[in-house]
Amino acid sequence: MAVIALKCPDIEVAVVDISVPRIAAWNSDQLPIYEPGLDGVVKECRGRNLFFSTDVEKHVREADIVFVSVNTPTKTRGLGAGKAADLTYWESAARMIADVSKSDKIVVEKSTVPVKTAEAIEKILTHNSKGIKFQILSNPEFLAEGTAIQDLFNPDRVLIGGRETPEGNKAVQALKEVYAHWVPEERILTTNLWSAELSKLAANAFLAQRISSVNAMSALCEATGADVTEVSYAVGKDTRIGPKFLNASVGFGGSCFQKDILNLVYICECNGLPEVAEYWKQVIKINDYQKNRFVNRVVSSMFNTVSNKKIAILGFAFKKDTGDTRETPAIDVCKGLLGDKARLSIYDPQVTEDQVQRDLSMNKFDWDHPLHLQPMSPTTVKQVSCVWDAYEATKDAHGICILTEWDEFKKLDFKRIYDNMQKPAFVFDGRNIVNADELREIGFIVYSIGKPL
Ligand code: UGA
């Protein structure tokens, strides 16, 4: 929304949320999320044509276009628990829009939702509308965290799905005009509603599948002596495959991939397509396997026990340039090591101790439920400490696990680190970012993903 405000000075954008502290943070100098470039965009537009407010109803009432970006967590109870998306927040947003509206509106699905959500939303809106006309559009977001601003400035495509009726087409055109302020016309794709909704789930499933494919190969590389970086380079040179998203890792994380695939699996099952569901499930299974494999490798190479050994965890966010820890592979790896009674010293340039403790005491799928956005007192995981320096984290450690590819980890003084560690000193590079040969020269025992020892 900040980028829309920046690129469309003629449009007034109001971002509303029921959370008072969150809106206060958006109105302060300390934005509630870390995203390179975002500060500058917000500063330029805030107070001009970008406003943050808790007066939800007023702004919705006044708007011509309402983007709904509420969260759609995975259901933890009832029908579809563990897979289906919970649309409670979406439904109450739709009811509120219907209640407060006094003029016709375009309602845009921005949150990732199961296919055919628009149909349910349409029913809620039209049955409560008192004669007001609503057009529902699906406009899924394809930005990635850490590069969000660049992705928004220069998107591969913008996708708008709408009803194939004259009113539907008119609404699609109206939204298209917003993006056309800065996105070339040929990159703005228009489809029917269901195609747009499904394309979002499909794109994430395809991306995650590439990572699981290369991670599956990494296991085979370790078993055979091939080098996964060489293999993915050679594979990616085929222009039909392409080089992006082929980096082997400790596993993918983030708030979207697993959730969207589980959702896709559920939709397949509901539509009587168990084989298709099974196919996509494997992407998640390989991701879980990769995280387990990493933990097993750490424990087995450190003489089958990490009990009471200090292990430094470098990086906790799910990828670099973000403080986001949702579904980060670091949670599973840390829990695995804690299960073997390791002592963990964690350093991530953007993640606080509070967040780490919270993540490590949470159950699966809890992260997406608002209860956990409130301050709470988690059971402190005693074997875990967080520090604000990689040298402090690694001091007296037996091993180092690199779990996020922060650029600063590439520039560490590994000789200094080695000198202050217990011997033998192990490095487990879950992101293949260090130069293993140089570290071996220093004296480290280095394990990379999918590479010979
Ligand atoms: C992902 C998609 O890339 C976006 O297009 C999409 O809009 C977004 O989800 C969403 O649905 O909101 P994001 O989760 O922010 O974006 O980050 P990615 O760059 O996709 O990374 C996801 C995970 O895969 C990270 O843990 C990353 O480290 C890992 N990854 C990525 C690999 O392990 N290897 C790779 O080659 C690439």
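Start by selecting Tyr347 and Phe409: both are buried (under 20% relative accessible area with a 1.4 Å probe, protein chains only; over 50% is exposed, and in between is partly exposed). Before going on, bear in mind that this is a predicted model, where local features need pLDDT of at least 70, side-chain atom pairs count only at pLDDT 80 or more, and totals for chains, interfaces and linings use all residues. Residues are numbered from 1 along each chain as its sequence is written, and side-chain values use heavy atoms, with hydrogens and water left out.

Now bring up the aromatic pairs, 12 in the structure. Rings of Phe, Tyr and Trp (its six-membered ring) pair if their centres lie within 6.5 Å; planes under 30 degrees apart are stacked, over 60 edge-to-face, the rest tilted. Pick Trp26 and Phe52: this pair is stacked, at 5.4 Å centre to centre with 10 degrees between the planes. Trp26 sits in helix H2 (residues 20-26) and Phe52 in strand S2 (residues 50-53), 26 residues apart. Helices (H or I, at least four residues) and strands (E, at least two) are DSSP runs, numbered from the N terminus. Trp26 and Phe52 are both buried.

For a cluster, select Phe303, Phe426, Phe428 and Tyr447, which ring pairs link together.

Next, charges over rings (NZ of Lys or CZ of Arg within 6 Å of the ring centre and within 35 degrees of the ring normal). The charged end of Lys7 is over the ring of Phe153, 4.3 Å from its centre. Arg157 lies over the face of Phe142, 3.6 Å from the ring centre.

Last stop: Tyr279 in helix H12 (residues 274-301), partly exposed at 46% relative accessibility.
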